[in-house]
Amino acid sequence: MKNKFVRSLLMLSVLTSATVSLQAQGKHCSIARAAGDWAYTYTGSILTQNGFVPAASVGHFHQDAAGNISGNQFRSVGGNSAAEDITGTVTVSADCTATATINVLVNGEVQRTAVLAAVYDTNMNHARDIFQSLTLANGANVPVVLTADVTRLFPRED
């Protein structure tokens, strides 16, 4: 009787471990799981010849299962605000890190391109980004210290 109990307990333990392991493997991040509608804010500073200038933005975008992004934002730099469109692409790694290249457009013309590093958390319903670079349309690099907080509009439950 005691041996049957121990074997049953051992078998239950093995099955539970296998199930937990499979669930953990199924919870990895992917470009397809990142697809959806997102909202964000970014804040920080842009370094100009006259020193640091505060910058902030609020926006939203749609990301498809191939990693294509399109949306719009309202930004303020040094108190000057503007409405802008965004397009770009994102790549997502299984470890929940990502890299995005975002073009900012006004009237269909690219004004600048940003490269962002990101980390997804909260079951891929949230991300934290930092700007790695910002390049103007003329090729000039602009030093920035900008971070973004990104939240899925319609959270995933899986």
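Gln 63 is buried in this predicted model, with a relative accessibility of 2%, where buried denotes under 20% relative accessible area, exposed over 50% and partly exposed the range in between (1.4 Å probe, protein chains only). Gln 63 belongs to strand β2; strands (E, at least two residues) and helices (H or I, at least four) are DSSP runs numbered from the N terminus. Beyond residues up to four places away in sequence, Gln 63 touches Ile 31, Ala 34, Ala 35, Gly 36, Trp 38, Asn 68, Ile 69, Val 90 and Tyr 120, contact being defined as heavy atoms within 4.5 Å. The model is predicted, so that local features require pLDDT of at least 70 and side-chain atom pairs pLDDT 80 or more, while totals for chains, interfaces and linings use all residues. Residues are numbered from 1 along each chain as its sequence is written, and side-chain values use heavy atoms, without hydrogens and water.

Strand β2, residues 51-63, also holds Phe 52. Phe 52 is exposed, at a relative accessible area of 57%. Leaving aside neighbours within four places in sequence, Phe 52 is in contact with Ser 45, Ile 46 and Leu 47. The C-alpha atoms of Phe 52 and Pro 143 lie 9.5 Å apart, although the two residues are separated by 91 positions in sequence.

The protein comprises 1 helix and 8 strands, arranged along the sequence as α-β-β-β-β-β-β-β-β. Of its 158 residues, 30% are buried. Among contacts with a separation of 6 or more, 40% join residues 24 or more positions apart.

The largest nonpolar core contains 30 residues, of which Val 92 and Tyr 120 touch the most other members. Such a core is a set of buried Ala, Val, Leu, Ile, Met, Phe, Trp, Tyr and Cys residues joined through side-chain atoms within 4.5 Å. Elements giving two or more residues to this core include β1 (36-48), β4 (80-92) and β8 (144-152). Excluding residues up to four places away in sequence, Val 92 touches Cys 29, Ser 30, Ile 31, Ala 34, Thr 97, Ala 98, Tyr 120 and Met 124.

Most residues other than glycine have a negative phi. Cys 96 has a positive phi near 75° and lies in the loop between β4 and β5, where Cys 96 is buried at 16% relative accessible area. Asn 107, with a positive phi near 55°, occupies the loop between β5 and β6 and is exposed, at 76% relative accessibility.
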